[in-house]
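I am opening my notebook on a new structure.

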Amino acid sequence: MAGALLLVGLSASAHGQSSDEVGFQSYLQTLRAQAIAQGVRPATADSVIAGLTLNPRVIELDRAQPGGNPANPSNANPPLAPYLRQHLGAALIAQGRDKYLAQRPRLARIEAETGVPESIMVAIWGHETSYGKVMGTFDLPRALATLAYEGRRRDLFANEFIATLKIVDRGIPREKLVGSWAGAMGGPQFLPSVYLRLARDGDGDGRADIWSSDADTLASIGNYFYNAGWRRGQPWGVAVTLPAGFDRSMVTNRLISPRCPRVFARASGWRSIAEWRALGVMPAGRPLPADSVQATLIEPDGPGQTAYLLTGNYRVILDYNCSNFYAISVGLLADAVEQ
């Protein structure tokens, strides 16, 4: 056995390949077999896999993520204001207003079909890719195969790799499969499996091209939010002020979410808008929703700073990206672009 391992090492060295690369090439054949078993055409699998090599940079980026190194957990809750300064600048808002106005007929049609507000679709597009300008430059099959081979989340990334092959089988050209190092792609930054479920053709050409078509991007975002349960006619939330001496113990959330528990733990328990009014909570700009609407309270920067009442539609934004800062900034961008 030791002699066999030595021969493998010598062979890899002779061909200029590291042991990781040899292992990766072997693993690609495993992925190929899994893909074909799931209905991918062998010719598609072979054409995409041909020439793929391990991408060490992708592994570096994955291991640098929070949670990627269990020895360095991060439990702090940073303030919201610096995040908003970075992610909700004047340029993003101005560009969003331009896109909002330019796309109104198309957006109105999607809102009529899905109930998802035009401004929310634009805000997601802006936050994810700066309205299609920053969509990533990593070759997706190579990145996803690398992440699957690395093994920390093998099942997830193996399935996403196979989904990219299915996308090619649907007629999307191989060269379009470019995106982030973790597999998000196109204007909405969908993972390949999400693309297969929810991407939509918005311009009527028979193909959901979320890389090149603004219409397809917006239709796909609208469909995602519709599928996630967006409630027609309800806002995502509103900024509010609390009365002096507000007793927060009365509205403590005593439930533990099985998904993103730290994110959901920052919100209060649910109360109707009528109940929040009775507690002295007042709007700080836009009016409150109807009294029957259920909402939770969040104070992202602590007592004395801007607070928000958040409806069930806020939870739909969290379904897109489970971060309170992300979801609040999307809502605020949506409010700004439609003014």
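In what order do the strands of the open sheet come? I read β4-β6-β7-β3-β5, an open sheet of 5 strands with antiparallel pairing. The edge strands are β4 (271-272) and β5 (282-283), each of which pairs on one side only.

Before going on, I note that this is a predicted model, where local features need pLDDT of at least 70, side-chain atom pairs count only at pLDDT 80 or more, and totals for chains, interfaces and linings use all residues. Residues are numbered from 1 along each chain as its sequence is written, and side-chain values use heavy atoms, with hydrogens and water left out.

I also note my terms. Strands (E, at least two residues) and helices (H or I, at least four) are DSSP runs, numbered from the N terminus. Two strands pair if DSSP finds at least two bridges between them.

Next I looked up β3. Strand β3 (residues 237-241) pairs with β7 (residues 307-310) over 4 bridges, in the antiparallel sense. Gly237 has Leu310 as its bridge partner in β7, and Ala239 has Tyr308. β3 also pairs with β5, antiparallel, over 2 bridges. There, Val240 has Pro283 as its partner.

Then I searched for disulfides (cysteine sulfur atoms within 2.5 Å). The whole structure holds 1. Cys260 and Cys322 form it, with sulfur atoms 2.3 Å apart. Cys260 lies in the loop between β3 and α13 (261-265), and Cys322 in the loop between α15 (312-320) and α16 (324-337), so the pair ties together parts 62 residues apart in sequence.

Are these cysteines buried (under 20% relative accessible area) or exposed (over 50%)? Cys260 is partly exposed, the class in between, at 23%. Cys322 is partly exposed too, at 21%.

Note on methods:
Buried < 20%, exposed > 50% of the residue type's maximum accessible area, 1.4 Å probe, protein only.
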